[in-house]
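Thank you all for coming; I would like to walk through one structure slowly, for those who have not seen it before. Please have a look at the sequence and the model first, and then we can go through the details together.

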Amino acid sequence: MDEAQVALQESQNWLVAKHEYDELHKTENCIICFFEGVHDPDYYFSHINSICGSYLGVTCHNKKNVLKMYETIRESGYVFLAEGHANALGVGILDRDFDDLLNNPDIFETTCYSIENYYCLESAFANYLTLYFKLRPDSEEYQRAMNFYREEYNSLHGTIDEFNYYYAALRRLERAHPGSCNVTGGDSFPKNLATISVRSYTKNYSLDSLNASYGTTVTIEQVEAEKAILSADKTSRFRGKYEIEHLEKLLEYIIKEAKDFKIVDSVAVCYRSF
(Lines give C-alpha, C1' and ligand atoms only; values in the text may rest on other atoms or scores of the structure.)
Protein backbone atom coordinates (compact mmCIF):
# COMPACT_ATOMS: atom_id res chain seq x y z
CA MET A 1 0.00 0.00 0.00
CA ASP A 2 1.17 3.55 -0.66
CA GLU A 3 1.20 6.24 2.03
CA ALA A 4 -2.32 7.48 1.21
CA GLN A 5 -3.75 3.96 1.48
CA VAL A 6 -1.93 3.36 4.76
CA ALA A 7 -3.29 6.61 6.17
CA LEU A 8 -6.82 5.71 5.05
CA GLN A 9 -6.55 2.23 6.61
CA GLU A 10 -5.29 3.69 9.89
CA SER A 11 -8.16 6.18 9.94
CA GLN A 12 -10.70 3.43 9.33
CA ASN A 13 -9.14 1.24 12.04
CA TRP A 14 -9.42 4.09 14.52
CA LEU A 15 -13.05 4.82 13.66
CA VAL A 16 -14.00 1.15 14.02
CA ALA A 17 -12.25 0.85 17.39
CA LYS A 18 -13.77 4.09 18.68
CA HIS A 19 -17.26 3.01 17.60
CA GLU A 20 -16.82 -0.37 19.29
CA TYR A 21 -15.74 1.32 22.51
CA ASP A 22 -18.64 3.81 22.40
CA GLU A 23 -21.16 1.00 22.01
CA LEU A 24 -19.65 -1.13 24.80
CA HIS A 25 -19.39 1.78 27.19
CA LYS A 26 -23.07 2.62 26.68
CA THR A 27 -24.38 -0.88 27.30
CA GLU A 28 -21.85 -2.78 29.44
CA ASN A 29 -20.71 -2.30 33.03
CA CYS A 30 -17.35 -4.03 33.23
CA ILE A 31 -13.66 -3.52 32.61
CA ILE A 32 -12.75 -2.73 29.01
CA CYS A 33 -9.27 -3.62 27.78
CA PHE A 34 -7.70 -2.03 24.71
CA PHE A 35 -5.47 -4.30 22.62
CA GLU A 36 -3.23 -3.71 19.63
CA GLY A 37 -3.97 -6.93 17.75
CA VAL A 38 -6.92 -9.18 17.02
CA HIS A 39 -5.29 -12.22 18.64
CA ASP A 40 -3.81 -10.43 21.68
CA PRO A 41 -6.73 -11.37 23.97
CA ASP A 42 -5.92 -15.07 23.35
CA TYR A 43 -2.75 -14.64 25.39
CA TYR A 44 -4.05 -12.23 28.01
CA PHE A 45 -7.46 -13.78 28.72
CA SER A 46 -6.52 -15.86 31.77
CA HIS A 47 -4.14 -13.22 33.15
CA ILE A 48 -6.74 -10.46 33.05
CA ASN A 49 -9.49 -12.68 34.43
CA SER A 50 -7.32 -13.61 37.40
CA ILE A 51 -6.74 -9.93 38.22
CA CYS A 52 -10.04 -8.20 37.55
CA GLY A 53 -12.58 -10.83 36.59
CA SER A 54 -14.67 -10.51 33.47
CA TYR A 55 -13.76 -7.91 30.87
CA LEU A 56 -14.50 -6.90 27.30
CA GLY A 57 -11.83 -6.21 24.70
CA VAL A 58 -11.51 -3.60 21.98
CA THR A 59 -9.00 -4.19 19.21
CA CYS A 60 -7.34 -0.93 18.21
CA HIS A 61 -5.14 -2.44 15.45
CA ASN A 62 -1.90 -0.69 16.44
CA LYS A 63 -0.04 0.94 19.30
CA LYS A 64 -0.83 4.47 18.16
CA ASN A 65 -4.57 3.81 18.33
CA VAL A 66 -4.35 2.30 21.83
CA LEU A 67 -2.60 5.46 23.04
CA LYS A 68 -5.07 7.66 21.15
CA MET A 69 -7.96 5.78 22.77
CA TYR A 70 -6.38 6.26 26.18
CA GLU A 71 -6.03 10.03 25.68
CA THR A 72 -9.56 10.32 24.31
CA ILE A 73 -11.04 8.51 27.30
CA ARG A 74 -9.01 10.48 29.84
CA GLU A 75 -10.09 13.74 28.22
CA SER A 76 -13.70 12.59 28.66
CA GLY A 77 -13.17 12.43 32.42
CA TYR A 78 -13.12 8.66 32.87
CA VAL A 79 -10.52 6.81 34.92
CA PHE A 80 -8.49 3.70 34.33
CA LEU A 81 -7.97 0.59 36.42
CA ALA A 82 -4.63 1.62 37.92
CA GLU A 83 -6.24 4.52 39.76
CA GLY A 84 -8.08 2.10 42.02
CA HIS A 85 -11.58 3.45 41.54
CA ALA A 86 -14.51 1.05 41.82
CA ASN A 87 -15.91 2.44 38.58
CA ALA A 88 -12.62 2.27 36.71
CA LEU A 89 -13.06 1.83 32.99
CA GLY A 90 -10.17 -0.35 31.89
CA VAL A 91 -6.55 -0.72 30.89
CA GLY A 92 -4.45 -0.35 27.76
CA ILE A 93 -2.21 -3.24 26.72
CA LEU A 94 0.77 -2.64 24.44
CA ASP A 95 3.74 -4.42 22.95
CA ARG A 96 6.97 -2.81 24.07
CA ASP A 97 8.58 -3.16 20.62
CA PHE A 98 11.89 -1.27 20.38
CA ASP A 99 10.36 1.77 22.09
CA ASP A 100 11.22 3.28 25.45
CA LEU A 101 8.95 2.27 28.31
CA LEU A 102 6.01 4.63 28.88
CA ASN A 103 6.00 3.99 32.65
CA ASN A 104 2.28 4.71 32.69
CA PRO A 105 0.43 2.72 35.39
CA ASP A 106 -2.74 2.76 33.26
CA ILE A 107 -1.01 0.90 30.44
CA PHE A 108 0.52 -2.57 30.60
CA GLU A 109 3.58 -3.02 28.38
CA THR A 110 5.07 -6.40 27.56
CA THR A 111 8.44 -7.21 29.11
CA CYS A 112 9.35 -8.79 25.75
CA TYR A 113 9.33 -7.08 22.36
CA SER A 114 5.78 -8.33 21.81
CA ILE A 115 3.29 -11.01 22.77
CA GLU A 116 4.74 -13.31 20.12
CA ASN A 117 8.04 -13.48 22.00
CA TYR A 118 6.39 -15.05 25.05
CA TYR A 119 5.43 -18.06 22.92
CA CYS A 120 9.05 -18.47 21.80
CA LEU A 121 10.83 -18.46 25.15
CA GLU A 122 12.72 -21.59 26.17
CA SER A 123 10.33 -22.12 29.09
CA ALA A 124 7.36 -22.01 26.68
CA PHE A 125 9.03 -24.48 24.32
CA ALA A 126 9.63 -26.83 27.25
CA ASN A 127 5.91 -26.66 28.03
CA TYR A 128 5.03 -27.55 24.43
CA LEU A 129 7.18 -30.67 24.68
CA THR A 130 5.53 -31.88 27.88
CA LEU A 131 1.94 -30.71 27.35
CA TYR A 132 1.46 -31.19 23.62
CA PHE A 133 4.12 -33.68 22.59
CA LYS A 134 3.89 -35.73 25.82
CA LEU A 135 7.66 -35.95 26.33
CA ARG A 136 8.95 -36.51 29.84
CA PRO A 137 11.55 -33.96 31.03
CA ASP A 138 13.87 -36.79 32.06
CA SER A 139 13.71 -38.51 28.66
CA GLU A 140 16.40 -38.56 26.01
CA GLU A 141 13.90 -37.30 23.41
CA TYR A 142 13.03 -34.28 25.54
CA GLN A 143 16.70 -33.35 25.94
CA ARG A 144 17.27 -33.83 22.19
CA ALA A 145 14.36 -31.53 21.41
CA MET A 146 15.56 -28.86 23.86
CA ASN A 147 19.07 -28.96 22.39
CA PHE A 148 17.51 -28.70 18.93
CA TYR A 149 15.59 -25.59 20.04
CA ARG A 150 18.72 -23.92 21.51
CA GLU A 151 20.92 -24.69 18.51
CA GLU A 152 18.34 -23.49 15.99
CA TYR A 153 17.58 -20.24 17.80
CA ASN A 154 21.30 -19.55 18.23
CA SER A 155 21.67 -19.98 14.46
CA LEU A 156 18.65 -17.79 13.78
CA HIS A 157 19.91 -15.00 16.01
CA GLY A 158 23.35 -15.14 14.44
CA THR A 159 21.63 -14.47 11.12
CA ILE A 160 19.14 -11.74 12.06
CA ASP A 161 20.82 -10.00 14.99
CA GLU A 162 22.40 -7.14 13.03
CA PHE A 163 19.10 -6.32 11.32
CA ASN A 164 17.37 -6.16 14.72
CA TYR A 165 20.01 -3.75 16.04
CA TYR A 166 19.75 -1.69 12.85
CA TYR A 167 15.94 -1.58 13.03
CA ALA A 168 16.03 -0.66 16.74
CA ALA A 169 18.39 2.21 15.92
CA LEU A 170 15.98 3.39 13.22
CA ARG A 171 13.07 3.33 15.67
CA ARG A 172 15.10 5.44 18.08
CA LEU A 173 15.88 7.95 15.31
CA GLU A 174 12.20 8.04 14.36
CA ARG A 175 11.20 8.89 17.94
CA ALA A 176 13.71 11.74 18.00
CA HIS A 177 12.83 12.97 14.51
CA PRO A 178 9.29 11.87 13.52
CA GLY A 179 8.95 11.12 9.82
CA SER A 180 12.67 10.68 9.30
CA CYS A 181 12.65 6.90 8.74
CA ASN A 182 10.24 5.08 6.45
CA VAL A 183 11.32 1.48 7.08
CA THR A 184 8.93 -1.20 8.35
CA GLY A 185 9.93 -4.52 9.86
CA GLY A 186 7.29 -6.61 8.08
CA ASP A 187 5.61 -9.79 9.26
CA SER A 188 8.45 -12.01 8.03
CA PHE A 189 12.20 -11.50 7.93
CA PRO A 190 13.05 -9.95 4.53
CA LYS A 191 13.82 -12.83 2.18
CA ASN A 192 16.42 -10.84 0.25
CA LEU A 193 18.48 -10.40 3.42
CA ALA A 194 18.82 -14.02 4.50
CA THR A 195 17.93 -17.61 3.72
CA ILE A 196 16.43 -19.13 6.86
CA SER A 197 15.29 -22.71 7.24
CA VAL A 198 15.81 -25.45 9.80
CA ARG A 199 19.47 -26.54 9.83
CA SER A 200 20.34 -23.95 7.17
CA TYR A 201 21.04 -20.24 7.66
CA THR A 202 22.71 -17.80 5.26
CA LYS A 203 23.09 -14.09 5.96
CA ASN A 204 23.18 -11.86 2.86
CA TYR A 205 23.48 -8.35 4.31
CA SER A 206 25.70 -5.94 6.24
CA LEU A 207 25.13 -2.56 7.83
CA ASP A 208 26.43 -0.88 4.68
CA SER A 209 24.06 -2.83 2.44
CA LEU A 210 21.11 -2.08 4.75
CA ASN A 211 21.85 1.64 4.62
CA ALA A 212 22.18 1.47 0.83
CA SER A 213 18.95 -0.53 0.37
CA TYR A 214 16.78 1.53 2.71
CA GLY A 215 18.37 4.94 2.13
CA THR A 216 19.42 5.34 5.77
CA THR A 217 22.59 6.48 7.53
CA VAL A 218 22.68 4.32 10.66
CA THR A 219 26.20 4.22 12.10
CA ILE A 220 28.13 1.34 13.63
CA GLU A 221 28.08 3.24 16.92
CA GLN A 222 24.28 3.36 16.88
CA VAL A 223 24.11 -0.35 16.10
CA GLU A 224 26.52 -1.16 18.92
CA ALA A 225 24.44 0.93 21.34
CA GLU A 226 21.33 -1.12 20.50
CA LYS A 227 23.33 -4.34 20.72
CA ALA A 228 24.29 -3.48 24.29
CA ILE A 229 20.58 -3.20 25.16
CA LEU A 230 19.15 -6.15 23.23
CA SER A 231 21.78 -8.86 23.05
CA ALA A 232 21.46 -10.19 26.62
CA ASP A 233 18.12 -11.88 25.84
CA LYS A 234 17.58 -12.05 22.11
CA THR A 235 14.52 -14.32 22.16
CA SER A 236 12.77 -11.77 24.38
CA ARG A 237 13.99 -8.55 22.82
CA PHE A 238 14.25 -9.26 19.08
CA ARG A 239 11.33 -8.55 16.77
CA GLY A 240 8.59 -10.99 17.78
CA LYS A 241 7.20 -11.74 14.32
CA TYR A 242 10.58 -13.15 13.26
CA GLU A 243 10.87 -15.20 16.43
CA ILE A 244 7.45 -16.83 16.16
CA GLU A 245 7.85 -17.42 12.43
CA HIS A 246 10.88 -19.54 13.30
CA LEU A 247 9.10 -21.30 16.16
CA GLU A 248 6.49 -22.52 13.68
CA LYS A 249 9.24 -23.93 11.48
CA LEU A 250 10.82 -25.77 14.41
CA LEU A 251 7.54 -27.28 15.57
CA GLU A 252 6.63 -28.36 12.06
CA TYR A 253 10.06 -29.97 11.72
CA ILE A 254 9.60 -31.89 14.97
CA ILE A 255 6.23 -33.15 13.76
CA LYS A 256 7.71 -34.15 10.40
CA GLU A 257 10.52 -35.98 12.17
CA ALA A 258 8.17 -37.41 14.81
CA LYS A 259 9.77 -40.86 14.75
CA ASP A 260 13.17 -39.40 15.59
CA PHE A 261 11.71 -37.53 18.56
CA LYS A 262 9.37 -40.44 19.40
CA ILE A 263 6.25 -38.27 19.21
CA VAL A 264 2.80 -39.60 18.36
CA ASP A 265 1.58 -37.77 15.24
CA SER A 266 -2.00 -37.41 16.49
CA VAL A 267 -0.74 -35.69 19.63
CA ALA A 268 1.86 -33.56 17.88
CA VAL A 269 -0.60 -31.64 15.74
CA CYS A 270 -2.15 -30.22 18.91
CA TYR A 271 0.51 -27.48 18.87
CA ARG A 272 -1.62 -25.66 16.28
CA SER A 273 -4.16 -24.91 19.00
CA PHE A 274 -1.95 -22.40 20.81
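**Rings, cores and cysteines**

Let me begin with a charge and a ring: the charged end of Lys 203 sits over the ring of Tyr 205, at 4.8 Å from the ring centre, where sitting over a ring means that NZ of Lys or CZ of Arg is within 6 Å of the ring centre and within 35 degrees of the ring normal. Arg 239 does likewise with Tyr 242, its charged end being 5.5 Å from the centre of that ring.

Before I go on, a word of care: this is a predicted model, in which local features need pLDDT of at least 70 and side-chain atom pairs count only at pLDDT 80 or more, whereas totals for chains, interfaces and linings use all residues. Residues are numbered from 1 along each chain as its sequence is written, and side-chain values use heavy atoms, with hydrogens and water left out.

Now to the aromatic pairs. Rings of Phe, Tyr and Trp (the six-membered ring, for Trp) pair if their centres lie within 6.5 Å, and planes under 30 degrees apart are called stacked, over 60 edge-to-face, and the rest tilted. By this rule there are 23 aromatic pairs. One of them joins Tyr 44 and Phe 108, whose ring centres are 5.8 Å apart and whose planes stand at 80°, so this pair is edge-to-face. Since Tyr 44 lies in helix α2 (residues 40-52) and Phe 108 in strand β4 (residues 107-109), the pair ties together parts that are 64 residues apart in sequence; helices here are DSSP runs of H or I with at least four residues, strands are runs of E with at least two, and both are numbered from the N terminus. Tyr 44 is buried at 4% relative accessibility, while Phe 108, at 37%, is partly exposed; buried means under 20% relative accessible area, exposed means over 50%, and partly exposed is in between, using a 1.4 Å probe and protein chains only.

Another pair is formed by Phe 45 and Tyr 55, with ring centres 6.4 Å apart and planes at 50°, so this one is tilted. Here Phe 45 belongs to helix α2 and Tyr 55 to strand β2 (residues 55-59), so parts 10 residues apart in sequence are tied together. Phe 45 is partly exposed at 47%, and Tyr 55 is buried at 13%.

Ring pairs also link a cluster, which includes Phe 98, Phe 163, Phe 189, Tyr 205 and Tyr 242.

Some of these names return in the core. A nonpolar core is a set of buried Ala, Val, Leu, Ile, Met, Phe, Trp, Tyr and Cys residues joined through side-chain atoms within 4.5 Å. The largest such core has 47 residues, and those with the most contacts inside it are Phe 125, Leu 129, Phe 163 and Phe 189. The elements giving two or more residues to this core are α5 (122-132), α6, β5 (194-197), α7, α8 and α10 (240-256), and α6 gives the most, with 15 residues. What does Phe 189 contact, leaving aside its neighbours within four places in sequence? Its contacts are Ile 160, Phe 163, Ala 194, Ile 196, Tyr 205, Tyr 242 and Glu 245, a contact being heavy atoms within 4.5 Å.

Let us look at one helix in more detail. In α8 (residues 220-230), Val 223, Glu 226 and Leu 230 are buried. These three cover an arc of only 65° around the axis, which puts them on the same side of α8; the arc is taken from the directions from the helix axis to the C-beta atoms. Glu 221 and Ala 228, on the other side of α8, are exposed. The cover over the buried residues of α8 includes α6 (140-176), α7 (207-214) and α9 (234-237).

Finally, the cysteines. A disulfide is counted when a pair of cysteine sulfur atoms lies within 2.5 Å, and by this rule there are 0 disulfides.
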